Amino acid sequence: MMEYTWNDLHVGLRHEFEASFTAQSASIFAALSGDMNPLHVDEAYAVSAGFPAPVLFGMLTSSLYSRLVGIYLPGKYGLLQGIDLDFSSPSYAGDQLRVAGEITHMTEAYQRFEIKATIRRSDGKLISKATIRVGFYVG
Amino acid sequence: MDSILTELESIFRDILDRPDLVLTPESNANNVEDWDSLAHINLVSAIEKHYKIKFALGELQELKNVGDMIALIEVKLAAK
């Protein structure tokens, strides 16, 4: 886990990491969230709807933005305060996802910064993009 | 001042999700619904980005209402 202090941070600071989800991840998310929409959990239904497999929940893949903030940018002293999120393409269990985020604005007065972030498949296809607002505290 | 007020009104409407909000120089956190501490940080950040200026915490603590904010923005824009 990164432990950036406020003075370590600057516009342009960037982190990336990779992750993937399994069909079991989607089942667990469905149970936790209560979203049992068959497009996400029923393979036959998803295929009949024109998808190659059940579509991973957008909010499941977007949980990686939480990891981006809590582990990497800034890590230990960050607090996710808000996020604007757009989904661009579906992703599927087993897809290798690359999460990248970069600081684009810092509000010095309140020690708060913004990250522009994306999640892409290994072929470069954009899955989602986000503007993330992060508070900062020293624990 | 009027054009900045109009631009601030647009920013406030977006951040506070209040499309009908009417902002005046006398508006402040006590008389504008949903203008709480976190919204305030969001407003300051959005204003900084819109005008490409930076505020110091001390400057912000001096502000009593939107009219004061407009005056501070005018000073910063003039100094650019």
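Predicted model: local features only at pLDDT ≥ 70, side-chain atom pairs only at ≥ 80, totals over all residues.
Contact here means C-beta atoms, placed from the backbone, within 7 Å. Local features need pLDDT of at least 70 and side-chain atom pairs count only at pLDDT 80 or more, while totals for chains, interfaces and linings use all residues. Residues are numbered from 1 along each chain as its sequence is written, with chains lettered from A and ligands numbered from 1 in the order in which they are written.

Leu68(A) is among the residues with the most contacts inside the largest nonpolar core, which has 16 residues. Two or more residues each come from α5 (63–72), β3 (97–107), β4 (112–121) and β5 (126–136) of chain A. Apart from this core lies another, of eight residues, including Phe12(B), Val66(B), Met69(B) and Ile73(B). A nonpolar core is a set of buried Ala, Val, Leu, Ile, Met, Phe, Trp, Tyr and Cys residues joined through C-beta atoms within 7 Å. Buried means 20 or more other C-beta atoms within 10 Å of the residue's own, exposed 12 or fewer, and partly exposed in between, with C-beta atoms placed from the backbone.

## Chain A fold

Chain A has five helices and five strands. Along the sequence they follow the pattern β-α-α-α-α-α-β-β-β-β. Helices (H or I, at least four residues) and strands (E, at least two) are DSSP runs, numbered from the N terminus. Of the 139 residues of chain A, 27% count as buried. The C-alpha trace spans about 55 × 30 × 25 Å along its principal axes.

## The sheet

The five strands form an open antiparallel sheet in the order β1-β3-β4-β5-β2 (chain A). β1 and β2 are the edge strands, each pairing on one side only. Neighbouring strands are turned by 20 degrees against each other on average, direction ignored. Pairing requires at least two DSSP bridges between two strands.

Six bridges join β1(A), residues 14–19, to β3(A). Glu16(A) is partnered by Ala100(A), and Phe17(A) by Val99(A). Ten bridges link β3(A) and β4(A); one partner pair there is Met106(A) and Phe113(A). The hairpin of these strands has four residues between them, and Gln111(A) takes a positive phi near 45 degrees.

Thr118(A) lies in β4(A). This residue is partly exposed, with 17 other C-beta atoms within 10 Å. Thr118(A) touches Ala100(A), Leu126(A) and Lys129(A), not counting residues up to four places away in sequence.

## Helices on the sheet

α5(A) lies across β1, β2, β3, β4 and β5 of chain A, at about 150 degrees to β2(A). Axes are lines fitted to C-alpha atoms, for helices over the stretch in contact; angles run from 0 to 180 degrees between N-to-C directions. Helix α2 (residues 37–51) of chain B also packs on the sheet, touching β2, β3 and β4 of chain A. Its direction makes about 85 degrees with that of β3(A).

The buried residues of α5(A) are Leu64(A), Tyr65(A), Leu68(A) and Val69(A). They fall within an arc of 145 degrees seen down the axis, so they line one face of the helix. The arc is taken over directions from the helix axis to the C-beta atoms.

## Contact between chains

Seven residues of chain A and eleven residues of chain B take part in the contact. The chain A side divides into two nonpolar, three polar and two charged residues. Ala, Val, Leu, Ile, Met, Phe, Trp, Tyr, Cys and Pro count as nonpolar, Asp, Glu, Lys and Arg as charged, and the others, Gly among them, as polar.

Methods:
Contact = placed C-beta atoms within 7 Å.
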